[in-house]
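Dear colleague,

Please find the structure below, handed over for your reading.

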Amino acid sequence: MRALRVVRAQLRASIATALQYRFEFAVEGALALLWMGVTLVPLIVVFGTRESVAGWTFPEMLVVLGWFVALKGILEGTLSPSLLQVIEHVRKGTLDFVLLKPADAQLLVSLSKIEPWRMIDVAGAAIILVVAFQHIGHPPAFADLLLAALLLCSAVLVLYSIAILVVSIAFVAVRVDNLLYLFQSVFDVARWPSSVFRGALAIIFTFVLPLALMTTYPSLALLGKLNLRTAVAAVAGTLLFAAVARGIWIVSIRRYTSASS
Amino acid sequence: MIEVDRLRKWYRVHRRAPGLGAALRSLFHRAYEDVKAVEDVSFSISAGERVGFLGPNGAGKTTTLKVLSGLLYPTEGRVSVAGFLPQERARGFLAQITLVMGQKQQLLWDLPPSETFLLNRAIYDIPRKQYDATMAELTELLELGPLLGKPARQLSLGERMKCELAVALLHRPKVLFLDEPTIGLDVSMQATVRGFVRAYNERFGATVLLTSHYMEDVAALCPRVMVIDKGRLIYDGGLSDLVRRVRPDKRMLLRLSRPVERRDLEALGSVIEHRDAEAIVQVSQDALQPAVARALSSLPLTDLTVEDPPLEEVMRDLFAQGRAA
């Protein structure tokens, strides 16, 4: 209950900060729309010459892309900015103030900065999904919708855990902005279903960097093609991953010795 | 309230010689060195005390404050604050302390201070009634009224510091760690901050441990001082005792109705300053009375005052003694 109040206050301050800059709001919003358009281009090019890729038809591929755009919006609208903020705290030594608060430090840094205009991505993703299902010809079943929603939560939790891991590394290495950019580039792969990749890449994108979990599984769920065992394994894997990330965070906080001054 | 027993804090830092070659070598083979930031420091502070923590840069003041506030693990020794082990960072502990750092700020840069207050109210779980009362009190003591609505980045340094203090004290902490709270402030703002710290201490019986480079702060606020140099505590006691111990001499400030010869002044003690209408002469404690009598009878005085040497000089001497020893 108290944690919720802290999150609410944090969100309030983050939104108030974002609203201070009207011009940025307009420009960033327009940019978000532009990028969404660009995201569609490779798909249209590929399906201009063939009917399906690795068993995925155009509308099915649109579903994957819809999830990708939504997650990208969530990642770049909430997790990435907050993460950069923490790295800034570490560099300037102001993380001390976070650690001095009688509340969970992870809770305090997780939503410290957000960019609400990235919600345009989420709205755009909804439109892409609607268009995709119009092509398919029938809406997803209710149970499949529920499962997809559950897997979306699990995908966000995985992204969040990766972010927490990156921040934990920041306590030791201080300069990790590049790691964040690397992650954003790798995340771009999630616009394709994991079965498009073969051999080593397929293994890496399923188990090492769980990109399959982020877009492929929720899409399969929505399309009614995901077997329950995979779904359960995915959720269990996510919880395990989140627990490990949390553990590493706690150890790193303990090791953290603030920049001397 | 605060107990420190044989505290030691060593940092491991990576050392290398200057130059690209050494930088390259250090990639493969790192040489580490222990920096002894705090060595065997013990003290105890009772509830409600105001204690000044003095020492040159790098003496270990900030490190000690960080250990006391739970930001750093002690390498050795026992530390207890308000009955807690600080390094465990228990919520009950964190809710009772505050750390103000003059060089760092916690105000949300883009937002008015009132937003930071609201955020901290949620974090410290302060009941609405207590929050309103504390806010009213802080606003009055620090004259915050006109500042609360302006974005923090548009406030002057002094205004920002007042808001920093208010944010740090919103939860009515019982222990205040103040690290250079007046750094960079002008004289009148320094006085405001000092007055406020004293008022808070008296009103809530809070314990205050303060570091400052401005001796005025310490002289005005702290009946007790601790002096640390190179990680070791070299003095703990009253401020006036410290001055007497380090610089047992006094200064006579003489105002003259007409210029006098330098040798007339030298007959009293050692001359520190000699101008037409003013002179400062330093004399030992024992020789003070005869020197005053002699000055009154032999010089064309309009005024005579006796002072301790400036605290800055006392400290300089103290650290010089420490180095020589």
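**Strand β5 of chain B**

In chain B, strand β5 (residues 97-101) is mostly covered, with 5 of its 5 residues buried. Here a residue counts as buried if 20 or more other C-beta atoms, placed from the backbone, lie within 10 Å of its own. Strands are DSSP runs of E of at least two residues and helices runs of H or I of at least four, numbered from the N terminus. This is a predicted model, in which local features need pLDDT of at least 70, side-chain atom pairs count only at pLDDT 80 or more, and totals for chains, interfaces and linings use all residues. Residues are numbered from 1 along each chain as its sequence is written, and chains are lettered from A and ligands numbered from 1 in the order in which they are written.

Ile97(B), Leu99(B) and Met101(B) point one way from β5(B), while Thr98(B) and Val100(B) point the other way. β5(B) runs parallel to strand β6 (residues 175-179) of chain B, and 5 bridges join the two; strands pair if DSSP finds at least two bridges between them. Within this pair, Thr98(B) stands opposite Leu176(B).

**Contact between the chains**

Chain B places 22 residues in contact with 21 residues of chain A, contact meaning C-beta atoms, placed from the backbone, within 7 Å. On the side of chain B that touches chain A, α4(B) gives the most, with 5 residues.

**Domains**

Chain B is assigned domain 1 (2-243) and domain 2 (249-307), with bounds from an automatic or database domain assignment. Their centres, taken over C-alpha atoms, are separated by 42 Å.

With kind regards

Key: Two residues are in contact if their C-beta atoms, placed from the backbone, lie within 7 Å. A residue is buried if 20 or more other C-beta atoms lie within 10 Å of its own, exposed if 12 or fewer, and partly exposed in between; C-beta atoms are placed from the backbone.
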